[in-house]
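Trainee: I have a sequence and a model open side by side, and I would like to learn how to read them together. Could you take me through it feature by feature?

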Amino acid sequence: MSDIVLQWTQAVTPEFNEIWKEINGGGYALLATIAGNTVYHDTSATINATDEWGYKVRGKNGTTTGSFSNIGSVVRDKYPVGTVLSQPTWMLVFGDFGADDITLVTTLSFPALKRVYGNLYMDSSFVLTSMDFSSLVTVDTDLNLSQTGATSIAFPALTTVGGALIASISGSLASASFASLTSVGGNVSFDACALVTVSFPSLVMQNGKSYFFDNNALSASSVNHILARGVASGVT
């Protein structure tokens with residue numbers, strides 16, 4: 001956690017790029033000026049528990065500077081408080097990610113979040129009705145949404161869950177979609193929900209792992225979809 005890798009895209013590569021950084025709302029300051037490339041490693045310090053670091057970039061040609069990029073934030077062991085949790089700039093979370101009181105959370109909105117270096121847990125979040133993790137690619141440990149109050153969940157960009165994927169005992173959950181998911185390191189549990197449709201067209205199942213979809217209301221096509229993934233995965 002002492003090497004934060006920044007990467008961005010630009011329509012035209014400038015002569016230089018300025019990287020600006022702020023820590024815990026203390027105001028942005030110029031961190032570095034680099035030759036015009038689109039990757040920078042921030043090794044200036046180690047991110048501490050509860051820290052939030054923000055970054056933005058702008059191009060520079062001579063004395064002319066462009067507009068700043070969008071802001072990307074990195075946090076460690078930081079737990080949001082409230083009923084509506086919205087952090088549009090968070091991209092990386094080090095440590096576990098959850099809420100201060102999950103029984104109060106109705107809405108989750110983290111549209112820029114790419115990776116959680118730990119557990120992403122919202123279990124017992126029975127009042128949760130909507131969530132946005134549309135950019136999330138990797139959860140290093142468990143993804144736990146058991147007892148969610150949501151009627152549907154979708155993780156369109158998620159490819160990897162290092163531990164278990166759990167959304168059990170969710171009486172309102174009728175639809176679950178994981179369009180890009182290929183790897184789950186632990187068990188997959190969607191038992192005792194209200195699932196009618198489930199989709200994970202790229203999931204590679206593994207021998208020795210359990211895949212629970214019992215006590216649901218699955219359609220025939222969803223049952224066939226689950227079985228077809230087993231066949232395609234070559235599990236014995």
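Trainee: What is the order of the strands in the open sheet of 5 strands, and which kind of pairing does the sheet have?

Mentor: Before I answer, please keep in mind that this is a predicted model, in which local features need pLDDT of at least 70 and side-chain atom pairs count only at pLDDT 80 or more, while totals for chains, interfaces and linings use all residues. Residues are numbered from 1 along each chain as its sequence is written, and side-chain values use heavy atoms, with hydrogens and water left out. Helices (H or I, at least four residues) and strands (E, at least two) are DSSP runs numbered from the N terminus, and two strands pair if DSSP finds at least two bridges between them. Here the order is 12-15-18-21-23, and the pairing is parallel. Strand 12 (120-121) and strand 23 (211-212) each have a single partner strand, so one side of each is left without a neighbour in the sheet.

Trainee: How many bridges join strand 18 to strand 21?

Mentor: There are 2 bridges between strand 18 (residues 165-166) and strand 21 (residues 188-189), and Ile166 has Ser189 as its bridge partner in strand 21.

Trainee: Which residues of helix 1 are buried?

Mentor: Buried means under 20% relative accessible area and exposed over 50%, with partly exposed in between (1.4 Å probe, protein chains only). In helix 1, the buried residues are Ser222, His225, Ile226, Arg229, Gly230 and Ser233. Seen down the helix axis, they fall within an arc of 135°, taken from the directions from the axis to the C-beta atoms, so they line one face of helix 1. On the other side of helix 1, Ala220, Ser221, Leu227, Val231 and Ala232 are exposed.

Trainee: What does the side chain of Ser233 reach?

Mentor: Ser233, which lies in helix 1, reaches the backbone oxygen of Arg229 with its side chain at 2.6 Å. Counting contact as heavy atoms within 4.5 Å, and leaving aside neighbours within four places in sequence, Ser233 is in contact with Leu203, Val204 and Met205.

Trainee: Which residues have the most contacts inside the largest nonpolar core?

Mentor: A nonpolar core is a set of buried Ala, Val, Leu, Ile, Met, Phe, Trp, Tyr and Cys residues joined through side-chain atoms within 4.5 Å. The largest has 43 residues, and those with the most contacts inside it are Phe133, Ile153, Phe155, Phe178 and Phe190.

Methods. Polar contact = N/O pair within 3.5 Å; in protein donor to acceptor, adjacent residues only side chain to side chain.
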